[in-house]
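The sequence and structure are shown first.

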Amino acid sequence: MIRSLLITLCVLSSSLLLAQTDSLGQQADDSTMNFEANYDRPFLSGASSSLALGGYMEANTLYAGTDGIEEGFSFQFRRLTLFASSTISPNIRFLTEIEFEDGTKEINIEYAAVDLMLHPLANVRGGIVVNPIGAFNQKHDGPQWDFVDRPIEAVELLGATLSNVGVGLYGKAFASDLSFGYEVYLTNGFDEAVIDNDLNRTSLAAGKVNVEKFEESHSGLPMFTGKVAAKLRNVGELGISYMTGVYNEWQIDGVEVDEKRSLNVLAVDLNASITSSTELRGEVAFVSLDVPSTYSQQFGSKQWGGYVDVVQRFYEGPVLVFDNATLALALRGEYVDLNDGTFNETGDAIGDEVTSFTGGIAFRPSAPVVIKANYKYSIITDLLGNPPAYASALLFGIAAYF
Amino acid sequence: MRNFVFYSGLCALALFLGACDAFLPAAIPSEETLDGALEGLDQSQRRMHIEGDAAFNDQLFTAETGLGPCFVASSCGACHAGDGKGHPFTTLTRYSHSDGAGNQFLGAPQLQNRAIPGFAPEALPSGAPHSSFTPPAVTGLGFIELVSDADILAMADPDDADGDGISGVPNWNTIPSFITPVPNAISQNGKYIGRFGKKASTHNLFQQTVTAYNQDMGITSTFLPTNPINYAAGTHPVPSGGPVVTDEDVNAVVFYLQTLKAPLQRSAASVEKGKLLFSQIGCEKCHRETLKTGFSPIAPLSQKEIHPYTDLLLHDMGPELDDGYTEGSATNPEWRTPPLWGLGLSENSQGGRLFLMHDGRAHSLEAAILLHGGEGDKSRSEFKKLSDGDKQALLDFLRSL
């Protein structure tokens, strides 16, 4: 599988070589692709010295209830992220992203990598890198999004934000209004918590928390993640990404104690400008993994899901003391099947599904700051497919780059 | 313009916020759901109930937190979803310690048919007599635990003295040393009356809970400190870290079970005819409408009249329901009369379908009734003779429970 992907990528990159190439970093604004999101943040735009500091924060209020049982009102400080970037020499740069989640409950080095920019089509990146699976994972900063909650698909199916230690290549080429980009990495992978966790379901999010993942790949084998994307200026970007690796400890001291159990993820993402003020974003992901047949079907071997966002800007101009404010209407529909399969015992479909709709308003007093008001309604079906639970939440949030 | 946009936004927001509650989904009426605490608990009892609820429903064990190595499911709530009946997915298998030919089966009685990654689950020894048990609902059990042994014995008719074809006997079983018998327990040759489980082999909710942790999930406690062993794979009987579930959690879960409300009947007024037929054709001889509880320090449970539709006795249900498997003094075809309260809500926890009788083999109420043989044969024949309208009335009554 890895080999065939590498061959595809070789063919693709050589055909890209024939296309006209341009130097990274000197592009017109609208050609910035999702994979470049980490170097496309406001703190870097006006940086005059070689070291730039910045970050963003996200906080919100939550008022929620399920089936008439009110969960009360809370303030949540979701995350504070600090960026530091440095141009070490003209063709070597460094960026790090350190994240404090839910106060100081979780502190993560989400990203810390050095780029050797050899050629627009072949740049080496090593360190803690963001696995290029889907677009949300690459471009996850709160101030970029018009919703308080992250998409369920990205969080539950892909474990966003997913980053790992590894090394790889990325590059980009242009052919008139069209740009092509690719990223390929080998990184450390997941561990057994993917199917052994107290969520009682298959979860890549649970399988990424292993504190040793920055020291060793749990399976002793690297995980491959690759993405190719194409962007048409002023129209949109389409990306296809794939991730595969072994998640279990299949040998101990050289003795084989289990089969190699693989985990594969395919994601397709799209963002498009329908009109100058209407934006469409979406992503769909398919997860499949090899679960031991003697284990519980509680842990599914297949999951899939996705989301579609439509954001309509309906006002641009002054509001109070802000001269360039914008107001947008934001709608999201999403669905995830966390256990796609049928029961061995009955042949009936396994449930464990969430369908959710969010409507909201996003007010940007200035570009790097967004204040969001969301109403989210979810329909949650349990494993056995019993009558669903209905949940709703009112969320007010602020996200700001600094 | 600046201010207009701002103030109109603010107004919209205020309207939205003012209607906050209206945006939350409606509550499910109490009679439409099995879970929920008894009315009349005091604040500290409610707190304990919530603690037990969390341990029962939200404490999901993993390999790291002690699950297995061999197990059937990873939480109480996985098998007793919404405190209701379970699904074939969590139906468990019990097998005998020996067969007629004198073969001994280590690892009996319960089959742990799943294992954490890296371990082998137990396999059913070939030729072992066995039966499947679909998880029952766990509501109203606090009341059932308080029905006195004397009352249970009074309903028994071992020699069918009244000649109605229905005998009914309690399950006399040994109890483990960690169990304190229920108040005013009656014992015979050192054995006690069981009232929980498909064959009424379990004495009280404490025993049921400790055993469930151990046998259903591979979770050890101070009461049962060794894991079920897969003899074929030599799994470690004793976890190195000591008991996995705390005594506090065991006690909280027992309290939770004791203080779950009894299922509430729906539209009782419109099913009077069915209710009458239920007793006329002899269903009520086993599925006793009314029992009473003894004294309890938990006031809402104490000295109450209840309507569980059971006699808590074993009945010989004939060859169709004879799986060749026994527990305590229950013979192979003997099963405890299951309470019928909550019956009408069964589908809501069984994935939208019905899996009735001890192993879930009946997929409708009618199929369940038609499986009544042995002591139940007479009422089954009476049921068959009913007109379609009367059958419907009887089924409507069952659905209202």
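## Salt bridges and polar contacts

Arg114(B) and Glu345(A) are joined by a salt bridge in which the closest N and O atoms lie 3.5 Å apart. The model is a predicted one. Between chain B and chain A the count is two salt bridges. Eight residue pairs across the interface of these chains are in polar contact, both residues having pLDDT 80 or more.

## The side of chain B that touches chain A

Helix H1 (2-18) and strand S3 (114-115) of chain B are the elements that give two or more residues to the side touching chain A. H1(B) supplies the largest share of that side, seven residues. By class, this side of chain B comprises 26 nonpolar, 12 polar and six charged residues.

## Extent of the interface

In total, 44 residues of chain B are in contact with 44 residues of chain A. The two chains bury about 3,400 Å² between them, with 66% of it on carbon and sulfur atoms.

## Packing of H2 and H7 in chain B

Helix H2 (residues 43-58) of chain B packs against helix H7 (residues 247-258) of chain B at an angle of about 110°, and their axes are 7 Å apart. Because of this angle, H2(B) is roughly perpendicular to H7(B).

From H2(B), the contact involves Gln45(B), Met48(B), His49(B), Glu51(B), Gly52(B), Asp53(B), Ala55(B), Phe56(B) and Asn57(B). H7(B) contributes Asp249(B), Asn251(B), Ala252(B), Val253(B), Phe255(B), Tyr256(B) and Leu257(B). Classified by type, the contact of H2(B) with H7(B) has eight nonpolar, five polar and three charged residues.

Terms used: Residues numbered from 1 in each chain as written. Chains lettered and ligands numbered in written order. Predicted model: local features only at pLDDT ≥ 70, side-chain atom pairs only at ≥ 80, totals over all residues. Heavy atoms only, no water. Axes fitted to C-alpha atoms, helices over the stretch in contact; angles between N-to-C directions. Helix = DSSP H or I, 4+ residues; strand = E, 2+ residues; numbered from the N terminus. Parallel < 35°, antiparallel > 145°, perpendicular 65-115°, else oblique. Contact = heavy atoms within 4.5 Å. Nonpolar A, V, L, I, M, F, W, Y, C, P; charged D, E, K, R; others polar. Buried area = accessible area lost by both parts, 1.4 Å probe. Salt bridge = Lys/Arg side-chain N within 4 Å of Asp/Glu carboxyl O. Polar contact = N/O pair within 3.5 Å; in protein donor to acceptor, adjacent residues only side chain to side chain.
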